[in-house]
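Please read it alongside the sequence and the structure.

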Amino acid sequence: MSSEGRSQERGGNGRKTTIVSPSNIAFIKYWGARDLESALPENPSLSMTLRSCHSRCTVEHLASEGEHEVRWRPTGGSLEEAPPHFARRIVEHLDRLREWAGRGGRFRVATENSFPAAAGLASSASGFSALTLAVLGALGEEVSDAKKSELARRSGSGSAARSVLGGYVQWPALVPAPDGSTDYAFQVHDAAHWDLRNVIAVVETEAKKTPSLEGHRRAPTSPYFAQRQEDLPDRLDAVRDALEARDFDRMGAVIEAEAIDLHVIAMTSRPPIFYWKPATLAVLETVRNLRDDGVSAWATMDAGANVHVLCRPADEDAVAERLASLPEVERIIVDGVGEGPIEEDSHLF
Ligand code: PMV
């Protein structure tokens with residue numbers, strides 16, 4: 001629903017909504033945009049929604065006019081006013097959603113992550129998914145899944161468009177919604193289709209120096225960008241087929257090659273971006289060694305140094321133990337496919 005035809009209702013309803021939204025890990029990546037500001041991608045991407053790595057966001061709609069209030073809880077800390085660099089994109093998205101809804105008033109927001117933000121663990125995906133859904137709840141807006149996804153995407157984080165859904169998710173859709181839009185995500189399979197695990201080797205917890213938005217912007221300057229675009233339709237088909245057939249080794253090989261391609265493009269962009277650290281290579285080598293030892297494990301990385309190692313449930317302990325034994329690995333997060341965002345009764349304020 002657009003803002004046209006809405007009553008220009010002013011003021012808040014005082015309803016607080018808290019949403020816990022998981023992050024996701026892309027099997028086929030969004031890297032490069034045809035319209036960066038609106039997060040309209042060059043290519044379809046496909047991801048697995050996680051269950052442990054999440055953002056929690058409480059939103060209250062207030063009747064008074066004035067500035068939005070944005071607070072955050074840094075890892076291990078207490079709720080405090082969010083720093084400007086963090087609050088800026090949130091405030092812009094709040095304005096965008098308020099305009100879409102044709103409402104007045106302002107928002108009070110608090111947010112926290114279960115994992116280090118901006119270190120290649122898709123904090124913008126879970127964060128903007130949780131924020132978008134919590135705003136919709138606080139405004140009492142009921143919309144379709146496609147609309148939720150499209151509104152989350154408008155935050156500028158394309159991966160957030162996928163995090164509003166659980167299981168295995170593709171974005172953008174190939175079939176137009178009733179309003180003609182295809183810029184939303186859809187669920188390819190629910191989480192019950194296949195219980196896959198994601199053992200995350202955290203080798204860096206500091207925010208990355210080059211945000212993914214800048215990576216998208218530079219991607220077309222790489223000489224390998226055009227080749228990847230050519231390869232992607234077949235690659236997406238291969239992942240879709242293997243996912244359908246639950247053929248882990250077939251899918252894993254494609255996913256790992258895809259992640260390496262993204263980083264090759266980043267490293268050959270002008271100017272180049274190196275997300276990998278020496279520890280990233282150590283983890284990638286360990287994943288190959290695990291395979292040599294008969295453990296089926298495949299690696300993928302987003303725009304950061306941390307490595308997501310996909311495996312089946314039976315191999316999870318072996319993978320986690322081997323990765324934890326590496327001195328370069330700061331921490332292991334054991335995650336897996338999840339069912340998507342949920343609403344909670346307890347609030348952050
Ligand atoms: O949603 P953004 O703009 O943070 O971009 C996501 C980029 C990757 O995480 C590297 C890939 C993806 O599809 O999630």
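**Strand S12 and the cysteines**

Strand S11 (residues 297-300) pairs with S12 over 4 bridges, in the antiparallel sense. The model is a predicted one.

**Pairing**
- S11 is joined to S12 by a hairpin of 6 residues.
- The bridge partner of arginine 197 in S12 is cysteine 311.

**Burial of S12**
- Strand S12 (residues 307-311) is largely enclosed by the rest of the structure, because 5 of its 5 residues are buried.
- Both faces of S12 are covered.
- Val307, Val309 and Cys311 are buried on one side, and His308 and Leu310 are buried on the other.

**Cysteines**
- A disulfide is a covalent bond between the sulfur atoms of two cysteines.
- A search of the whole structure finds 0 disulfides.
- Cysteine 57 is in no disulfide, and its nearest cysteine sulfur, that of cysteine 53, is 17 Å away.
- Cysteine 57 has 1% relative accessibility and therefore counts as buried, the cut-off being under 20%.
- Cysteine 311 has 0% relative accessibility, so this residue also counts as buried.
- Cysteine 311 is in no disulfide either; the nearest cysteine sulfur is that of cysteine 53, 14 Å away.

Definitions and conventions: Residues are numbered from 1 along each chain as its sequence is written. This is a predicted model: local features need pLDDT of at least 70, side-chain atom pairs count only at pLDDT 80 or more; totals for chains, interfaces and linings use all residues. Side-chain values use heavy atoms; hydrogens and water are left out. Buried means under 20% relative accessible area, exposed over 50%, partly exposed in between (1.4 Å probe, protein chains only). Helices (H or I, at least four residues) and strands (E, at least two) are DSSP runs, numbered from the N terminus. Two strands pair if DSSP finds at least two bridges between them. A disulfide is a pair of cysteine sulfur atoms within 2.5 Å.
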